[in-house]
Amino acid sequence: MARIALEHVDKVYANGYVAARDLSLEAADGEFLVLVGPSGSGKSTVLRLMAGLEQVTSGIIRIGERDVTDLPPQQRDIAMVFQNYALYPHMTVRDNLGFGLSIRKQPAAMIKERVRSVSASLGLDALLDRKPAQLSGGQRQRVALGRAIVREPLAFLFDEPLSNLDAQLRVETRVELARLHRQLGATMVYVTHDQSEALTLGDRIAVLRDGALQQVASPMELYARPANRFVAGFIGSPAMNFLDGVLRTKEGDPGGGSNVIFEGSGVTIEVPCDAPAGSKVVLGLRPQHLEVVPDTEGTIRAEVVVVEPMGNEQIVYTLLEAQRLVAVAPPELSIVPGAMVSLRVKRDAGHIFDAESGIRLGSRAT
Amino acid sequence: MTFRWGRWLFGAVLVALVLFTLFPFYWAIVASLTPDAALFREPSLWPRTIILDHYRALFDERDFLTPIRNSLVVAGTTTAFCLMVGTLAAYAMARLEFRGKAAIMAFILAVTMFPQISIVSPLYLLLRSMHLIDTYPGLIMPYMTFAMPLTVWILTGSIRQIPRDLEDAAHVDGASRRQSFTKILLPLAVPSLATTAILTFIYCWNEFLFALSFTLGPERQTVPVAIALFRGQYQVPWGQILAAAVVATAPVAAMVLVFQRRIVQGLTAGAVKG
Amino acid sequence: MKKEARLGWMLVAPALGVIALIAIFPLGWTVWESLHMHELRMPWLGKPFIGVDNYLEIARDPRFWGALGHTAFFTVVSISLELILGLFLALAMNRAFRGRGFVRAAVLVPWAIPTVVAALLWRFMFESEAGIANALLVDAGILTKPIVWFIETATAWVPVILADVWKTTPFVALLLLAGLQNIDLTLYEAAAVDGANQWWQLRHITLPLLKPAILVTLIFRTLDGFRVFDLIYVLTGGGPGTSTEPVALYTFNALLQNLRFGYGSALSVVIFAITFGLALLYMKGLGVRLAGDER
């Protein structure tokens with residue numbers, strides 16, 4: 001196992017399209033690093049750069065301590081699981097599994113043994129003599145996985161491997177992958193556009209946007225302390241609410257305190273923030289931090305537009321001064337579309353983002 | 001689309017078309033089995049007498065096997081060579097990035113549009129100066145002017161349809177470019193190669209102008225030329241000509257019947273792209 | 001990237017080299033030759049450079065203009081018939097019916113045989129007053145008495161065009177079929193739900209979406225039409241006289257029968273220019289997306 005690192009990598013295509021700008025990123029030895037972002041964010045490009053399937057325009061790629069920037073994929077000793085599995089259609093499952101080893105002229109006995117053990121652990125024994133066309137989607141996925149594992153590479157790269165599976169299979173396989181990671185202790189770099197997948201699988205998550213790294217941190221860190229508005233809005237479901245407004249000092253506060261007042265879009269609350277009064281800001285509120293309360297306790301009154309019952313909770317879409325505000329309520333409350341509802345913000349729950357740059361403005365405390 | 005009232009009309013026209021298509025062959029077979037004297041007497045749709053004289057004469061008196069042999073050699077060699085060289089070129093066009101690719105493609109397409117007549121005379125003089133008139137190489141070389149572009153064109157389209165992911169996976173697995181080409185791409189391209197071979201072979205077999213211009217006598221003439229130049233002593237030997245036509249057509253018809261799906265795929269692979 | 005480019009050129013070089021050697025070089029040679037007088041029958045005249053004199057002679061040559069007219073006539077009539085029949089055939093083969101494989105194979109056979117053989121078959125059928133064509137037409141009441149087809153120009157064209165349509169319609173049908181199969185079926189379903197009948201669907205969905213395929217077919221067939229040689233050489237020999245002679249056959253005669261290499265080369269260049277011009281025109285209309293790459 002080894003670490004994979006990108007150092008100040010740029011990737012510009014011949015037609016001028018910038019897929020990666022000054023990207024510096026590292027997956028530590030044995031870490032499960034997830035690359036997440038909307039389509040076009042460059043995450044697949046980063047993976048392909050790591051694999052050697054694309055060349056960097058400038059910058060360095062390291063595997064372990066070795067500079068592999070100029071090495072072709074054959075010499076990097078990493079394995080990749082493709083979105084469409086890329087199983088060799090004219091070979092049996094057994095031959096697919098053993099391809100990487102037989103290409104490197106490994107002894108036949110060793111290949112046979114490794115294929116046998118990987119096949120057993122992935123439950124592929126019954127399928128060994130079939131061709132990929134005769135397999136289901138989930139089975140093909142496991143073969144693709146097996147092909148990578150058999151090689152015992154320095155690291156694994158995954159390119160949205162679950163996106164072609166149906167919802168239930170996706171969840172099951174996710175668990176499998178997590179188990180596999182613990183079992184092998186391997187370095188894994190995983191690309192997905194699904195933020196919930198990222199949160200559940202990653203030791204650390206790197207959020208990308210338009211080829212630039214937004215933030216790389218643990219799931220909890222990303223959730224609780226997003227670096228900017230984009231990350232805050234991307235991570236977490238349902239998505240964070242954003243309200244425009246300004247800051248002003250707390251009444252009776254001589255200054256030096258850590259809290260200020262946010263005012264805007266029909267909401268006035270106290271938030272921990274260092275920024276000076278008068279700054280134009282955006283308030284971020286997670287739906288989970290907006291409670292539905294009896295009228296006497298709430299500070300915000302909004303009109304309910306739609307209620308989505310999810311079983312364990314309800315997602316309440318409301319309208320406040322022509323802006324949408326989403327809240328999450330326990331399932332037993334009776335909330336009716338068209339009615340007014342009172343909301344209260346949990347204490348210290350709001351994030352403040354600079355209106356122009358989107359950067360989160362924290363306080364000394366956070 | 002489901003026609004209702006038009007279904008019968010549709011079927012009738014279709015049947016008419018098929019009859020129109022097959023009738024000339026039927027008539028040729030009938031005539032090839034009819035004695036010369038009766039050919040233009042009173043034609044009837046059913047043969048009155050059946051003789052095999054024409055077919056016998058074809059191989060005894062006219063040595064029809066020689067043109068067949070010549071066609072096989074020329075078409076076969078051209079096809080084999082173009083396939084080998086063309087596959088490499090098609091791989092480059094379909095998988096590699098280099099400047100000038102679009103120009104090359106346009107160039108190849110343009111060459112397929114050459115009127116053959118425009119290069120007959122210089123080719124004739126060139127071949128004559130190389131003493132290649134009336135020889136096998138003297139036909140194979142000119143045939144490559146249309147066979148090579150055709151091969152590259154069809155194969156490039158076919159290779160493009162094979163997912164690139166497979167070779168990427170092979171590279172990551174440790175295969176060199178040459179290995180991914182021979183172990184992954186080539187096996188998957190076999191159907192396209194077969195189709196291209198069939199199409200190229202057919203085009204070469206049917207070629208007339210070059211064969212007519214670059215051969216001098218029966219020793220090296222190909223089937224189309226031999227048939228077209230059948231001369232009788234007193235009159236046009238229709239019986240033998242049609243017998244030759246049947247002999248020339250039967251294997252082609254058989255090939256088409258067996259490979260029709262492939263042929264259709266191959267013809268449309270390079271042509272329409274939506 | 002440099003390495004990939006070098007490999008690319010290396011792999012393309014043999015094919016390109018062959019094509020260039022055997023196609024471009026002779027073409028250049030033909031152009032050069034067309035600027036000289038070169039009568040192989042009169043070698044004592046040498047091979048003087050005469051500039052564009054050959055081309056001027058072509059412009060004044062009634063036989064050339066006749067040939068051009070014949071070629072244009074043949075091309076236009078054949079293509080029209082082939083497009084209509086081919087479209088019908090393509091529409092028919094687009095739906096599954098019993099025996100479809102047989103029909104597809106049957107109509108492919110004329111395409112697959114040598115043109116000269118096709119020409120011979122049709123020549124035979126229209127040969128002499130006792131030929132089968134005459135017999136069938138008289139029996140059907142279309143003719144009152146048998147005609148000698150190859151004596152008159154107008155009647156000589158009939159077997160020529162019939163033979164070309166017979167041989168080439170399958171190819172046209174195939175190209176159109178490919179285009180048909182690219183049309184999204186749900187368009188028809190949506191139209192049916194909205195209340196449109198078959199003819200409306202044909203006119204407003206099928207034909208417009210088939211335009212690219214039709215254009216491609218037109219390109220290939222027009223160029224083939226202008227290069228026609230085998231068919232007419234065997235069917236009419238250009239006759240009666242030279243009244244069905246296309247430009248390619250005229251050039252052939254000038255070169256290899258009259259041995260006028262200079263003049264024949266000029267004719268070759270003119271033919272090439274015409275076909276190339278047509279091809280360019282078409283391609284512009286189609287919008288060239290030939291080397292389109294996905295990456």
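How much space lies in the largest cavity? I looked this up in a predicted model, where local features need pLDDT of at least 70 and side-chain atom pairs count only at pLDDT 80 or more, while totals for chains, interfaces and linings use all residues. Residues are numbered from 1 along each chain as its sequence is written, and chains are lettered from A in the order in which they are written.

**Largest cavity.** I found about 1,300 Å³ of space in the largest cavity, a cavity being a set of points on a 1 Å grid over the protein atoms alone where a 1.4 Å probe fits but cannot get out, with lining residues having an atom within 4 Å of a point. The volume is the space filled by probe spheres set on the points. Of its 47 lining residues, I noted that B:Thr112, B:Gln116, B:Tyr203, C:Asp224 and C:Arg227 are the closest to the centre.

**Second largest cavity.** For this one I read a volume of about 90 Å³, and its lining includes B:Phe20 and C:Trp166. I saw that H7(C) gives the most to this lining, with four residues, helices being DSSP runs (H or I, at least four residues) numbered from the N terminus.

**Chains B and C.** I then turned to the interface, where 102 residues of chain B are in contact (heavy atoms within 4.5 Å) with 98 residues of chain C. Between chain B and chain C I found zero salt bridges, a salt bridge being a side-chain nitrogen of Lys or Arg within 4 Å of a carboxyl oxygen of Asp or Glu.

Terms used
Heavy atoms only, no water. 1 Å grid on protein atoms, 1.4 Å probe; cavity = no way out; pocket = protein on both sides within 12 Å on 5 of 7 lines; lining within 4 Å. Helix = DSSP H or I, 4+ residues; strand = E, 2+ residues; numbered from the N terminus.
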